[in-house]
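Biologist: I would like to know what stands behind the labels used for this protein. Please set each one against its cut-off.

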Amino acid sequence: MTTRSAHRTRRTLRAACAGAAALLALSACSSSTDSSDSPDAGSGAAGSSAKLSGTVTVFAAASLQESFSKLGKEFEKKHPGTKLVFNFGGSDTLAASITGGAPADVFAAASTKTMAIVTDQKDTVETPATFVRNQLEIATLPGNPDKVSSLKDLTKSGLKVVLCDKTVPCGSAAQTALKASGLELTPVSYEQDVKSALTKVELKEADAAVVYKTDVKAAGDKVEGVDFPESAEAINDYPIALLKNAPNPTTAKAFIELVKSAEGQKVLTEAGFLKP
């Protein structure tokens, strides 16, 4: 082979190698682009925001009825495919149901004492968190015809007064307030939860009841509220917790987070609850 032919052969080989290298680079770029566009590329981010679904059963103190019902609707609207089912009642009755095996995801009690019934049985998966507080108020008939202006006025002869049962948080708080004022009061009835006590006044079956500020506010013009200083001695903390055998723990946790969030706190404080 002549020298000139050898040069031509080397040039041809170099050109071929350069072309092959360019094709490999293009192929690599194309493969990288395809990979980033593939469904698997974003799987990590998608997994971190899994869609919530299913039913969440919430056992909650009767005084939370209006606020939790509103938050439940907001939660369902924000997370299509979810459903909140509430069981409102006296905290002690709800606690007994939970420790007895009733299926539920979340428990929101009106006092730390009633929450302790559940935690003592190790039926929660984490330490309950206080999310609001509540204070007592006297509910009278509209216009306050009996001129009730203090806790002492409830001891007037002939006045029909209703209290919550001593075993439920609103009843226990009322007893604390009465003790702080040095008063004794015999009601015409003890009711199983705060809504039942308030209803007695709304139906004019009682002249007054010691309930929560939130319940007086929720009743609107059906009753009139009277503050009394001794209520400051009996403010209840409201704890909330995820239950150990929750059928839907992931969605239940999300509802608890809503309750504790700024959005949830806004709904609760507008209803008359105090911040924790």
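Modeller: One cut-off comes up at once: axes that cross at an angle under 35 degrees count as roughly parallel. Bear in mind throughout that this is a predicted model.

Biologist: Why are α4 and α5 called roughly parallel to each other?

Modeller: The axes of α4 (residues 91-99) and α5 (residues 112-119) cross at roughly 5°. That angle falls under 35 degrees, so the two helices count as roughly parallel. Their axes come within 9 Å.

Biologist: Which residues make the contact between α4 and α5?

Modeller: From α4 come Ser91, Asp92, Ala95, Ile98 and Thr99, and they meet Thr114, Ile117 and Val118 of α5. Sorted by class, this contact has 4 nonpolar, 3 polar and 1 charged residues.

Biologist: What makes you say that the buried residues of α4 line one face of the helix?

Modeller: The buried residues in α4 are Ser91, Asp92, Leu94, Ala95 and Ile98. Viewed down the axis of α4, they fall within an arc of 160°, so they line one face.

Biologist: What do the buried residues of α4 pack against?

Modeller: Their partners are the strands β1 (54-61), β2 (82-89) and β3 (106-108), together with the helices α5 and α6 (169-181). Just after α4 comes Gly101, with a positive phi of about 105°.

Biologist: Why is Val267 called buried?

Modeller: Buried means under 20% relative accessible area. Val267 has 9% relative accessibility, so this residue counts as buried. Val267 sits in helix α10 (residues 262-270).

Biologist: Which residues does Val267 touch?

Modeller: Leaving out residues up to four places away in sequence, Val267 touches Ser67, Lys70, Leu71 and Glu74. Phe68 is 199 residues from Val267 in sequence, yet their C-alpha atoms are 8.8 Å apart in space.

Biologist: Why is Lys122 called exposed?

Modeller: The cut-off for exposed is over 50%. Lys122 has a relative accessible area of 62%, so it counts as exposed. This lysine is in the loop between α5 and β4 (129-134).

Biologist: What makes the phi of Lys122 worth a remark?

Modeller: Most residues other than glycine have a negative phi. Lys122 is not a glycine, but its phi is positive, at about 55°. Lys204 is not a glycine either, and has a positive phi of about 65°.

Biologist: Where is Lys204, and how do you know whether it is buried or exposed?

Modeller: Lys204 lies in the loop between α7 (194-202) and β8 (208-212). Its relative accessibility is 59%, which is over 50%, so Lys204 counts as exposed.

Biologist: How do you know which class Glu233 belongs to, buried or exposed?

Modeller: The value for Glu233 is 56% relative accessibility, and with the cut-off at over 50% this residue therefore counts as exposed. Glu233 is found in the loop between β9 (224-226) and β10 (236-242).

Biologist: What does Glu233 touch?

Modeller: Not counting residues up to four places away in sequence, Glu233 touches Thr176 and Ala180. Leu136 is 97 residues from Glu233 along the chain, and their C-alpha atoms are separated by 9.7 Å.

Biologist: How many helices and strands are there, and what share of the residues is buried?

Modeller: The protein has 10 helices and 10 strands. Of its 276 residues, 42% are buried.

Conventions
Residues numbered from 1 in each chain as written. Predicted model: local features only at pLDDT ≥ 70, side-chain atom pairs only at ≥ 80, totals over all residues. Heavy atoms only, no water. Helix = DSSP H or I, 4+ residues; strand = E, 2+ residues; numbered from the N terminus. Buried < 20%, exposed > 50% of the residue type's maximum accessible area, 1.4 Å probe, protein only. Axes fitted to C-alpha atoms, helices over the stretch in contact; angles between N-to-C directions. Parallel < 35°, antiparallel > 145°, perpendicular 65-115°, else oblique. Contact = heavy atoms within 4.5 Å. Nonpolar A, V, L, I, M, F, W, Y, C, P; charged D, E, K, R; others polar. Arc of directions from axis to C-beta.
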